[in-house]
Amino acid sequence: MSEARTRFAPSPTGYMHIGNLRTALYEYLVAKKDNGTFILRIEDTDQGRFVEGAVDVIYNTMRDCGLKHDEGPDVGGEYGPYVQSERMGMYKQYAEQLVELGGAHYCFCDEARLEAEREEKGDSFKYDDPCKYLTKEEIQAKLDAGEPYVIRQNIDPTETACFDDEVYGHIEVSCADLDEQILLKSDGFPTYNFANVIDDHLMKISHVVRGNEYLSSTPKYNLIYDAFGWQKPTYIHLPPVMKDEFHKLSKRNGDASFQDLVAKGYLPAAIMNYIALLGWSPADNEEIFTLEELTKKFDVARISKSPSIFDIEKLTWMNGVYIRNMEPEKWHEMALPYINNAVKGNFDTHLIANILQQRMNTLGEIEEAIDFFDELPEYSTDLFVNKKMKTTDEVALTSLKASKEMLEGLTEYNFDTLHEGYLGLAGKLEMKNGQIMYPVRIAITGKERTPGGAVEISNILGKEETIRRIELAIKKLEEKLG
RNA sequence: GGCCCGUUGGUGAAACGGUUAACACAGUGCCCUCUCAAGGCAUCAUUCACGGGUUCAAAUCCCGUACGGGUCACCA
């Protein structure tokens with residue numbers, strides 16, 4: 001048996017849905033698990049939806065996610081072209097061949113009339129095409145007369161169609177419930193379903209991995225494979241990714257796409273890790289893994305059948321795990337643009353990155369967290385009063401004055417001397433650490449909550465600025481206390 | 001409406017006839033602590049949509065019901 005070949009076949013719409021991306025991931029995993037081939041095929045035949053630059057979005061997303069395809073429009077391969085619009089000429093002959101083989105027939109019915117009939121009969125409409133019963137001569141005559149036609153699938157209503165899905169198991173339907181759908185349109189181009197079957201066959205796709213909305217049309221696909229005498233692929237249908245109990249995740253509803261998440265400061269690796277867990281679970285309890293580890297762990301048998309709801313909270317947590325696990329240098333590099341955006345002053349960005357790494361869940365949280373460095377925000381002296389820290393205005397004033405003095409006396413100004421200095425003060429004044437540190441931190445940041453404490457932030461701000469801000473706070477408190 | 005699929009806590013989920021129904025996120029409480037995080041500990045489903053059945057034994061098998069989703073285009 002040859003290796004697995006899977007394909008990801010997105011339409012270039014300009015963004016990547018999370019659900020689509022998960023499908024791509026699973027397709028990649030199914031192939032790679034087996035040392036197989038992962039193929040990218042662009043399905044761009046929906047002219048109405050054509051968007052400039054959309055194909056690049058697909059390439060970029062896949063590259064960012066580490067989903068490297070082995071064959072595709074940009075990398076080539078022996079089963080091209082990999083862009084559907086470049087394949088349009090090749091389907092007609094297959095449709096005609098299918099007619100020869102008895103799997104389809106010419107249909108000359110008027111589209112408008114059919115539409116009206118459909119309208120009239122409503123939901124229960126099932127078309128019994130009179131053209132099926134045309135004789136060979138009648139058909140030839142119409143063809144010769146240049147009558148417009150479509151090619152429609154033949155389905156014997158007395159048969160039963162079944163297949164075994166790797167996820168959903170045995171599926172069986174009566175052919176009487178299946179529509180004889182159009183395979184080749186009157187313009188000579190294929191319908192999506194037909195093109196799919198032909199492309200998958202020609203590209204030797206061994207495992208068709210796709211959303212479960214295709215579950216009910218799969219028997220029809222199989223009938224086509226059978227009529228051609230082609231080998232049917234293994235089917236792996238996936239449960240949908242939902243936004244809530246009732247709705248699928250979709251861009252139409254304004255739900256987050258991959259690009260949106262990245263823009264909010266989520267890491268591609270974390271996104272991939274998270275979505276791998278939507279509809280699949282590992283045999284052990286590990287939840288954090290690289291694509292490579294995932295490839296080893298992945299097992300189609302553990303894909304679930306029921307829909308799963310996309311939970312941004314868990315993704316956020318997981319993204320934080322990725323940030324915390326990062327090499328400090330790497331994190332600095334990644335956070336730098338955000339830091340530079342929020343802080344223009346001449347501060348040590350490595351130190352800033354350090355205090356952020358243990359606290360940020362997304363890159364998007366950075367700017368707000370460090371907005372006090374450039375300029376001390378307006379703040380109320382009420383902040384100095386904190387019950388848990390056992391601080392009052394008076395306590396704050398005392399410790400700030402002492403801190404100022406201590407700072408001015410420092411010859412070496414770094415984390416260690418600051419730490420020692422502030423703690424020494426607490427000892428000397430017989431105050432709790434918090435009674436010194438808390439007021440100082442408020443004074444130098446003007447914020448109730450900050451990444452990092454008094455020592456860390458004093459160190460980053462530098463001696464002069466720290467003292468200046470403390471003096472300001474002293475003045476404020478003295479004014480207040482009279 | 002016909003057909004197909006699904007249903008374990010707020011969320012992702014494990015369990016594949018016998019467990020006190022894992023684990024993770026979120027929540028709650030405590031600890032640690034110079035704030036916030038991070039980290040540590042604890043807590044959070046007498047119950048697996050509901051009703052029958054099979055079995056010594058059912059979340060797990062069978063049948064119904066309810067609810068939800070999908071699909072029935074010369075769209076992809």
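Reply:

Chain A is split into domain 1 (5–82 + 241–312), domain 2 (87–204), domain 3 (328–369) and domain 4 (381–481), with bounds from an automatic or database domain assignment. The model is predicted: local features need pLDDT of at least 70, side-chain atom pairs count only at pLDDT 80 or more, and totals for chains, interfaces and linings use all residues. Residues are numbered from 1 along each chain as its sequence is written, while chains are lettered from A and ligands numbered from 1 in the order in which they are written.

Helix α17 covers residues 433–445 and helix α18 residues 454–461; helices are DSSP runs (H or I, at least four residues), strands are E runs of at least two, and both are numbered from the N terminus. The axes of α17 and α18 come within 9 Å and cross at roughly 35°. Axes are lines fitted to C-alpha atoms, for helices over the stretch in contact, and angles run from 0 to 180 degrees between N-to-C directions. On the α17 side, Met437, Val440, Arg441, Ile444 and Thr445 make the contact, and on the α18 side Ala454, Ile457, Ser458 and Leu461 (C-beta atoms, placed from the backbone, within 7 Å).

RNA strand B is surrounded by 59 residues, and Met437 is among the closest, with Tyr192, Ser306, Ser308 and Gly453; near means a C-beta atom, placed from the backbone, within 6 Å of the strand. Helix α17 gives the most to this surface, with five residues. The elements that give two or more residues include α18, α6 (192–202) and α11 (312–324).

Conventions: Two residues are in contact if their C-beta atoms, placed from the backbone, lie within 7 Å.
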